[in-house]
Amino acid sequence: MKKIFTFLLLSCFIIATGSINAQDNKQIDKAFAELKVKGEIYFSFSIPNINTIEEIGRIVSIDNVVKGKELRIFAYSNLSEFNDFLKLDIDFQLEKHPGSLIKNPKMLLDPTHKDISSWDFYPSYSAYVAMMYQFETTYPGLCEIISIGQSVNGKELLYAKISDNVDSLEAEPRINYTATMHGDETVGYVLMLRMIDYLLTNYGTDAQVTNLVSNAEIWINPLANPDGTFMGGNNTVSGAIRYNANYIDLNRNYADFDDGPHPDGNAWQTETVAFMDFADSIEFVLGTNIHGGAELVNYPWD
């Protein structure tokens with residue numbers, strides 16, 4: 001009787017284990033299928049404490065950390081990163097990709113639209129380029145649009161240079177703003193366009209704006225990863241992804257003081273080289289890189 005009970009108990013364990021493995025394999029298969037279509041996945045997993053987060057952060061691109069009995073990590077991964085993550089043998093759950101959560105976004109296709117001042121839209125890629133150059137046309141003494149290069153897919157990496165004497169080299173502090181390095185973090189995309197518009201339209205009438213533009217050289221790049229933002233097509237931000245067209249996280253692709261020139265193990269991307277060369281050509285005294293998601297401050301090297 002005891003042998004029969006032991007056999008039944010062992011059989012139940014084998015069946016239960018098989019079910020768990022089948023469930024894990026189902027998640028893994030689903031992840032690989034999504035990676036094949038989209039190039040990156042968004043998923044979550046739990047870790048018991050903060051001690052291992054640095055090691056995991058070298059493998060996947062961490063988006064958010066939710067504190068509870070355990071730490072719930074939300075992260076992105078490309079194919080090679082996911083393969084490395086699987087070696088850690090950590091249970092995970094696929095989550096809805098943030099870029100797929102924007103359903104039928106209000107897109108501006110015509111930059112001359114009379115309701116542009118409402119700022120309740122995302123510009124299409126062509127509308128974005130047209131808007132940037134329209135700033136230069138409308139405010140030739142205050143604004144110059146400069147392309148510092150192109151993305152992997154040939155989209156422009158544009159800066160608006162704003163100064164009261166935009167064609168002159170003055171002894172003024174130079175300030176660098178850039179946004180949407182992660183293509184699906186699109187809040188900064190619109191905010192930086194609005195900031196350009198605000199500085200230009202209020203110069204000469206608002207004392208604070210006039211002081212800033214008269215005494216500083218302000219550089220604003222609203223869209224650092226246009227390929228990621230417009231992965232779903234040039235006329236929509238729906239389907240945006242975090243990584244660039246090569247499925248590399250640009251935020252992890254720069255040289256690091258401690259971890260060397262290639263901390264992510266990847267070659268510098270086209271966008272990375274363009275921004276590094278640009279930063280080397282101009283002595284900025286202050287820089288702001290606008291992301292979306294978790295609220296945090298990185299220092300000192302950001």
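Author: Two strands are said to pair if DSSP finds at least two bridges between them. The model discussed here is predicted.

Reader: What makes strand E7 and strand E8 a pair?

Author: Strand E7 covers residues 143–150 and strand E8 covers residues 156–162, with six bridges between them. The definition asks for at least two bridges, so E7 and E8 count as paired. The sense of the pairing is antiparallel. Within it, Ile146 stands opposite Tyr159 in E8.

Reader: How many residues lie between E7 and E8 in the hairpin, and which residue in the turn has a positive phi?

Author: Five residues lie between the two strands of this hairpin. In the turn, Gly154 has a positive phi of about 85°.

Reader: Which residues other than glycine have a positive phi?

Author: Asp89 is one of them, with phi near 55°. Asn104 also has a positive phi, near 50°. Asp89 lies in the loop between helix H3 (79–86) and strand E4 (92–94), while Asn104 lies in the loop between E4 and strand E5 (107–108).

Reader: Why is Asp89 called exposed?

Author: The relative accessible area of Asp89 is 68%. Exposed means over 50%, so Asp89 belongs to that class.

Reader: How do you know that Asn104 counts as exposed?

Author: The relative accessibility of Asn104 is 76%. Since this value is over 50%, Asn104 is exposed.

Reader: Why does Ser117 count as exposed?

Author: Ser117 lies in the loop between E5 and strand E6 (122–123). Its relative accessibility is 60%, which is over 50%, and therefore Ser117 counts as exposed. The C-alpha atom of Ser117 is separated by 8.8 Å from that of Arg194, a residue 77 residues apart from Ser117 along the chain.

Reader: Is Thr272 buried or exposed, and how do you know?

Author: Thr272 lies in helix H8 (residues 270–281). The relative accessible area of Thr272 is 0%. Buried means under 20%, so Thr272 is buried. Leaving aside neighbours within four places in sequence, Thr272 is in contact with Leu250, Asn253 and Tyr254.

Reader: What is the angle between helix H5 and helix H6, and why are they called roughly perpendicular?

Author: Helix H5 (residues 187–202) and helix H6 (residues 207–215) pack at an angle of about 100°, and their axes are 8 Å apart. Angles of 65 to 115 degrees count as roughly perpendicular, so H5 is described in that way relative to H6. On the side of H5, the contact is made by Tyr198, Leu199 and Asn202. Val209, Thr210 and Val213 make the contact on the side of H6. By class, this contact of H5 with H6 has four nonpolar residues, two polar residues and no charged residues.

Reader: Why are H4 and H5 called roughly parallel?

Author: Helix H4 (residues 125–138) packs against H5 at an angle of about 20°, with the two axes 11 Å apart. Angles under 35 degrees count as roughly parallel, and H4 and H5 are therefore roughly parallel to each other. Their crossing is left-handed.

Reader: Which residues of H4 and H5 meet, and how do they divide by class?

Author: Tyr128, Met131, Met132 and Phe135 in H4 meet Tyr189, Leu193, Ile196, Asp197 and Leu200 in H5. The residues of this contact of H4 with H5 divide into eight nonpolar, no polar and one charged. Asp counts as charged, and Asp197 of H5 is among the residues of the contact.

Terms used
Residues are numbered from 1 along each chain as its sequence is written. This is a predicted model: local features need pLDDT of at least 70, side-chain atom pairs count only at pLDDT 80 or more; totals for chains, interfaces and linings use all residues. Side-chain values use heavy atoms; hydrogens and water are left out. Helices (H or I, at least four residues) and strands (E, at least two) are DSSP runs, numbered from the N terminus. Buried means under 20% relative accessible area, exposed over 50%, partly exposed in between (1.4 Å probe, protein chains only). Axes are lines fitted to C-alpha atoms, for helices over the stretch in contact, and angles run from 0 to 180 degrees between N-to-C directions. Angles under 35 degrees count as roughly parallel, over 145 as roughly antiparallel, 65 to 115 as roughly perpendicular and the rest as oblique. Contact means heavy atoms within 4.5 Å. A crossing is left-handed if the near helix is turned anticlockwise from the far one by less than a right angle, and right-handed if clockwise.
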